[in-house]
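Welcome! Take a moment to look over the sequence and the model, and then we can walk through some of the details together.

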Amino acid sequence: MGSVWNETETMRSFGPLEQDCSVDVLVIGGGMAGVLTAYFLKEQGIDVALCEAETIGGGTTQNTTAKITSQHGLCYAKLIERFGERFAGFYLMANEEALKRYRSLCERIDCDLETQPNYIYSLYSEEAIQKELRALRRIGAPAERVDTLPLPFDVAGAIRFSNQAQFHPMRFLNAISEGLPIYTHTRVRELIRTQLGIAAVTNGGTVTAKRIVVATHFPFLNKHGFYFMKLYQHRSYVIALENAEQLNGMYLDENPLGLSFRNYGNLLFIGGGSHRTGKPGEGVGQLRAYAERYYPNAPIRYEWAAQDCMSLDSVPYIGPYSSGTENLYVATGFNKWGMTGSMVAATLLTDLILGRENPYAELFSPSRSMLRPALFQNAAEAVRGWLTPKAPRCPHLGCALEWNEAERTWDCPCHGSRFSEDGSLIDNPATGDLKMNADRMNRS
């Protein structure tokens, strides 16, 4: 089964690149972040083009739960500890502005935008709720304490952000992509510096641009920025139950292993089962068991999986690709909050490309410190993957792949690349398929 967004919207068709061309700005990647960036640049009169390896919205965007909120778990106490009150306040403002910008665009787009409150709840930790509330008061966030929720279990407490939103992401993407110079089924194979700018070599021709934005989910250039060290990937799962109760809001457990909820029409989405890509996890089976227990009369209409890039400090990387790459930009690491993150990225990147000041540039800078605990876990996973003496191996950086029996895929525990059973690439950062002779011989 595919996601509800895929099944309820036919996406606009674009053709592949068939000849060399030149533009002021090339955007690589046709997800929400890439298309929004191209949209805003074109609005500003910039000569822009977008290249997508497959189809627009065909990656993470089609598998989102499509919550538009500035409440990203119990994140603000952690942000104050890591960055201070000023930057925590910037993070709140950047995401609140993203929400407002979606509302403005959706005034003329029929994409089922609904205003809903968002709730972060804790099953057991009253202390965690109180700590977050104190942090939110320090930065002036409009948050409220709630003690009971319309969920089929008790909670220790919850925090509500009112006036958040949810929508149909593919309908929105379809609308804003109209009229944009988009080339689908056009994979960028390499970038080369030339006297005229940066040349993006694709399977259909070469695009020469003065500036390039890499919005490919996981950045594909390894020799700059160290993204293979400062990103990792998580898989999570969603089921959509038909004719379950209306919850009138969006809900998320503060525990990363907990559950999320939202309604869409007569469907109830339940999300969860999160685990690092390439590592064991309960997957969609946990959600099916939960639904059978608490919603026995609501059949499963859809189920799907999402893959998300996670940054070392829970803040996206948006800005110059690295300190040593001129006129090259990146947007990645949205930490499961890709809808608001994509809008923040598109706004910030547009300002940077146009030479305008943006107060959030330092907070989201990809060149900020990598010295976070997750860095050492990433390094350990990479070393383990390189030293594991078995095939198949990921063509990205050579880590040993793990066979995912539940989804029947080859998954990389180092950086999150995924491949189908026959070796076809599903998720990056790998850019090519597997060699299947060795794979079939060594599957476990």
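## A first stop at Thr325

The side chain of Thr325 reaches the backbone nitrogen of Ser322 at a distance of 3.0 Å. Keep in mind as you read that this is a predicted model. Thr325 sits in the loop between β16 and β17 (328–332). With a relative accessibility of 7%, Thr325 counts as buried. Leaving out residues up to four places away in sequence, Thr325 touches Arg193 and His224.

## The cysteines

How many disulfides does the model have? The count comes to 1 disulfide. Cys399 and Cys414 form a disulfide, with their sulfur atoms 2.3 Å apart. The link of Cys399 and Cys414 is left-handed, with -105° about the S-S bond. Cys399 lies in the loop between α11 (373–387) and β18 (402–404), and Cys414 in the loop between β19 (409–411) and β20 (418–420), so the pair ties together parts that are 15 residues apart in sequence. Cys399 is buried, at a relative accessible area of 1%, and Cys414 is buried as well, at 2%.

What about Cys394? Its closest cysteine sulfur is in Cys412, 4.4 Å away, which is too far for a bond. Cys394 counts as buried, with 3% relative accessibility. For Cys21, the closest cysteine sulfur is that of Cys51, at 6.9 Å, and this too is too far for a bond.

## Two nonpolar cores

Next, let us look inside. The largest nonpolar core has 82 residues. Among the residues with the most contacts inside this core are Leu36, Tyr76, Tyr102 and Phe172. Which helix gives the largest share of this core? That is helix α4 (residues 85–106), with 11 residues.

Not counting residues up to four places away in sequence, Leu36 touches Tyr102, Leu105, Phe172, Ile176, Ser342, Met343 and Ala346. There is also a second, separate core of 31 residues, which includes Cys51, Phe220, Met229 and Leu328.

Met229, from that second core, lies in helix α7. At 18% relative accessibility, Met229 counts as buried. Leaving out residues up to four places away in sequence, Met229 touches Leu312, Met370, Leu375, Asn378 and Ala379. Met229 and Leu247 are 18 residues apart in sequence, and in space they are 40 Å apart, C-alpha to C-alpha.

Helix α3 (residues 76–83) packs against helix α5 (residues 126–138) at an angle of about 65°, and their axes are 7 Å apart. On the α3 side, the contact is made by Tyr76, Ala77, Ile80 and Glu81. On the α5 side, Lys131, Glu132, Ala135, Leu136 and Arg138 take part. What classes of residue make up this contact? The contact of α3 with α5 has 5 nonpolar, no polar and 4 charged residues. Tyr76 is also one of the residues with the most contacts inside the largest nonpolar core.

## Loop residues

Pro142 is found in the loop between α5 and β5 (143–146). Is Pro142 buried or exposed? At 56% relative accessibility, Pro142 counts as exposed. Apart from its neighbours within four places in sequence, Pro142 is in contact with Arg160 and Phe161. Pro142 and His234 are 92 residues apart in sequence and 30 Å apart in space, C-alpha to C-alpha.

Most residues other than glycine have a negative phi. His217, however, has a phi near 75°, a positive value. His217 is in the loop between β10 (205–214) and α7 (227–230). Phi is positive in Ser314 too, near 70°. Ser314 lies in the loop between β15 (300–311) and β16 (317–320).

Here is how some of the residues on this tour compare in accessibility.

| Residue | Relative accessibility | Class |
|---|---|---|
| Thr325 | 7% | buried |
| Met229 | 18% | buried |
| His217 | 21% | partly exposed |
| Ser314 | 40% | partly exposed |
| Pro142 | 56% | exposed |

Technical notes:
Residues numbered from 1 in each chain as written. Predicted model: local features only at pLDDT ≥ 70, side-chain atom pairs only at ≥ 80, totals over all residues. Heavy atoms only, no water. Disulfide = S-S within 2.5 Å. Helix = DSSP H or I, 4+ residues; strand = E, 2+ residues; numbered from the N terminus. Buried < 20%, exposed > 50% of the residue type's maximum accessible area, 1.4 Å probe, protein only. Core = buried A, V, L, I, M, F, W, Y, C linked by side-chain atoms within 4.5 Å. Contact = heavy atoms within 4.5 Å. Axes fitted to C-alpha atoms, helices over the stretch in contact; angles between N-to-C directions. Nonpolar A, V, L, I, M, F, W, Y, C, P; charged D, E, K, R; others polar. Polar contact = N/O pair within 3.5 Å; in protein donor to acceptor, adjacent residues only side chain to side chain.
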